Amino acid sequence: MLPLNSLPRYLVSIVRRNSNGFPSEAIHSPDARFGMSRRSHLARLRQQSPLILPSVLSCDFSDMRGEVERLETAGVQALHLDVMDGNFVPNITYGMPIVAAFRKLTQLPLDVHLMIENPERYIRQFYEAGADIITVHEEATGIDTANVLQEIKNLGCGAGVTINPDIPVERVLPFVDTADLILVMSVNAGFGGQTFNPVALEKLEALRKVGPPELLLEVDGGVNLETVQACTEAGADLLVIGSAIFNQSDYGAAIDQLYRSAQVST
């Protein structure tokens, strides 16, 4: 049998999913998934980092099942879902029904990013829809951020907090020991296809220095073949990528190329 380090990264991901995650034949078995805590996914994500999380906002929503199957075949380990309300950010995307629809199509962890006002009102609904990780904006939760993160954790989900590029990293430093994940936005939340803002690299480096080893650092916005290595070198564990995957005809080849580019230089 070939050693894992001799295989392309997307094939390694398939091997790992089938050996350490859910067996392929159990992918659509509700009992296989809900017999375990959703927070147990966090350890697997840490273990396998850096990981690419496709941002399904860029997918073909007329063929969600086909898109999920293509991503699973490419060895994807989790999906990233962007929820926008048209108030906290100017764009509107989708809500609980789409999260629930993806939950029916896959047992991959669903990383749900809430770009909405008063996210604390909807935490339970997104949990019930099937979210495994729920991330809220510090700008939206303010002085209640710590309580909101604890509420998410009490439900059994991974708890994340995020900030936009123009918000200083100091705003999330109080939560490095409370949050499971800190999402560093490298574009302004609200629209896909924006240019990567390098201020995110400074924030990732700062958080990596002060955060505990188990803290997951995620980056989202303009991550592609040109920027992905800088993100991993700055300390990112999870790489949210949309256009650089979904604009390609072969998702597996695109993801493999991104992993090759993401390798930290020595």
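Q: Which residues does UniProt list as "active site" here?
A: The UniProt record, an unreviewed entry, places the feature "active site" at Asp-82 and Asp-220; positions are given in the numbering used here, feature names are shortened, and annotations may be inferred rather than shown by experiment. Although these two are spread over 139 residues of sequence, they cluster in space, with a largest C-alpha distance of 10.4 Å.

Q: What kind of model is this, and how are residues numbered?
A: This is a predicted model, in which local features need pLDDT of at least 70 and side-chain atom pairs count only at pLDDT 80 or more, while totals for chains, interfaces and linings use all residues. Residues are numbered from 1 along each chain as its sequence is written, and side-chain values use heavy atoms, with hydrogens and water left out.

Q: Okay, where does Asp-82 sit?
A: Asp-82 belongs to strand β2, residues 79-84, where helices (H or I, at least four residues) and strands (E, at least two) are DSSP runs numbered from the N terminus.

Q: Is Asp-82 buried or exposed?
A: Asp-82 has a relative accessible area of 4%, so it is buried; the term means under 20% relative accessible area, with exposed meaning over 50% and partly exposed in between, using a 1.4 Å probe and protein chains only.

Q: And what does Asp-82 touch?
A: Not counting residues up to four places away in sequence, Asp-82 touches Ser-55, Leu-57, Thr-93, Tyr-94, His-113, Met-115 and Asp-220, where contact means heavy atoms within 4.5 Å. With Ser-55 there is also a polar contact between the two side chains, at 3.2 Å; such a contact is a pair of N or O atoms within 3.5 Å, where within protein one must be able to donate a hydrogen and the other to accept it, and residues adjacent in sequence count only if both atoms are side-chain atoms.

Q: What about Asp-220, which strand is it in?
A: Asp-220 is in strand β7, and it is buried, with a relative accessible area of 9%. Leaving out residues up to four places away in sequence, its contacts include His-80, Asp-82 and His-113.

Q: Which residues are listed as "binding site"?
A: UniProt, again in an unreviewed entry, lists several residues under that feature, among them Ser-55, His-113, Gly-190, Asp-220 and Gly-221.

Q: Where are Gly-190 and Gly-221?
A: Gly-190 is in the loop between β6 and α9, and it is buried at a relative accessible area of 2%. Gly-221 is in the loop between β7 and α10, and it too is buried, at 7%.

Q: Switching topic, which residues of helix α9 are buried?
A: They are Ala-200, Leu-201, Lys-203, Leu-204 and Leu-207. Seen down the axis of α9, these buried residues fall within an arc of 160°, so they line one face of the helix; the arc is that of the directions from the helix axis to the C-beta atoms.

Q: What do the buried residues of α9 pack against, and which residues are exposed on the other side?
A: The buried residues of α9 pack against β5 (158-163), β6 (181-185), β7 (216-220) and α10 (228-234), while Glu-202 and Lys-209 are exposed on the other side.

Q: Last one: which strand pairs with β1?
A: Strand β8, residues 238-241, pairs with β1 in the parallel sense over 4 bridges, where two strands pair if DSSP finds at least two bridges between them. Pro-54 stands opposite Ile-241 in β8.
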